[in-house]
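Hello,

I am handing over the structure below. Please open it alongside these notes.

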Amino acid sequence: MLRQLFTLMLVLSLAACAGPQRVDNTVQSFARWEQPTGGATPVVPQGPQRYRFERLPSQGDGAAAQEQSTLEAMARQSLEAHGWTLAEKDADARWTVQLSTSTTRTRDPWDDRRSGWSVHGQILAGNGHFFWAPMFMFPADPPDTLRQVSLLVRAAPGGQVVYETRAEHDSRWNSTPALWQAMVNAALKDFPKPPAGPRRVEVDLQR
């Protein structure tokens, strides 16, 4: 009986893992595109457009530089879907794009439990009574983590910020490239003409 129960639990667990993950993001974007001389209405740039990436000094060396290169590759893929391509030469870029991320632990399971491990078990005896036995032993739940990705677009000649967007995602999921790619895609949803105010953007991942 217990073997059948374990088999059923394993099948249900595998089925859940095989389905798509839905990354629920809170996104807010701001656009302030350049106005033509004497015009009152900003001109939203349409593709094709060329840009180059810009980095902070803290993003230029070691592990930080590697992480930034990975993040820029994600943004490059998402921007290409909007007709924006990376310039082969910096001088050919009309815009600059700067990316940053942050990770904040919002709840730690160690704050709620004296031990980092949980043991659960209950077996039904032949006489109809329950007795306790250690059946499962697993670590405490992973912490809730708030992740944010931000993207700035500047006009290359003068450095004026013309577009700002950020996506936030709060969950207990592990930090994976697929998760960050989904957040970058969410941040660039409706680019380059976003709606006003915060909005919810969901992106499905196939695990």
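Predicted model: local features only at pLDDT ≥ 70, side-chain atom pairs only at ≥ 80, totals over all residues.

First, the overall layout. The protein has three helices and eleven strands. From the N terminus, the order is α-β-β-α-β-β-β-β-β-β-β-β-α-β. Of the 207 residues, 32% are buried. Among contacts with a separation of 6 or more, 72% join residues 24 or more positions apart.

Next, the core. The largest nonpolar core holds 32 residues. Those touching the most other members are Trp33, Trp84, Trp95, Val149, Val153 and Phe191. Elements that each supply at least two core residues include strands E1 (20-31), E4 (95-107) and E9 (144-155), as well as helices H2 (62-80) and H3 (177-187). H3 gives the most, with seven residues.

Val149 is worth a look on screen. Leaving aside neighbours within four places in sequence, Val149 contacts Leu71, Ser100, Thr101, Thr165, Arg166, Ala167, Trp180, Met183, Val184 and Ala187.

Then the helix pair. How do H2 and H3 pack, and at what angle? Their axes lie 9 Å apart, at about 45 degrees. That angle is between 35 and 65 degrees, so H2 and H3 are oblique to each other. Their crossing is right-handed. H2 brings Leu71, Met74, Ala75, Gln77 and Ser78 to the contact. H3 brings Pro177, Trp180, Gln181, Val184 and Asn185. By class, six of the contact residues are nonpolar, four are polar and none is charged.

Best wishes

Conventions: Residues numbered from 1 in each chain as written. Heavy atoms only, no water. Core = buried A, V, L, I, M, F, W, Y, C linked by side-chain atoms within 4.5 Å. Buried < 20%, exposed > 50% of the residue type's maximum accessible area, 1.4 Å probe, protein only. Helix = DSSP H or I, 4+ residues; strand = E, 2+ residues; numbered from the N terminus. Contact = heavy atoms within 4.5 Å. Axes fitted to C-alpha atoms, helices over the stretch in contact; angles between N-to-C directions. Parallel < 35°, antiparallel > 145°, perpendicular 65-115°, else oblique. Left-handed = near helix turned anticlockwise from the far one by under 90°. Nonpolar A, V, L, I, M, F, W, Y, C, P; charged D, E, K, R; others polar.
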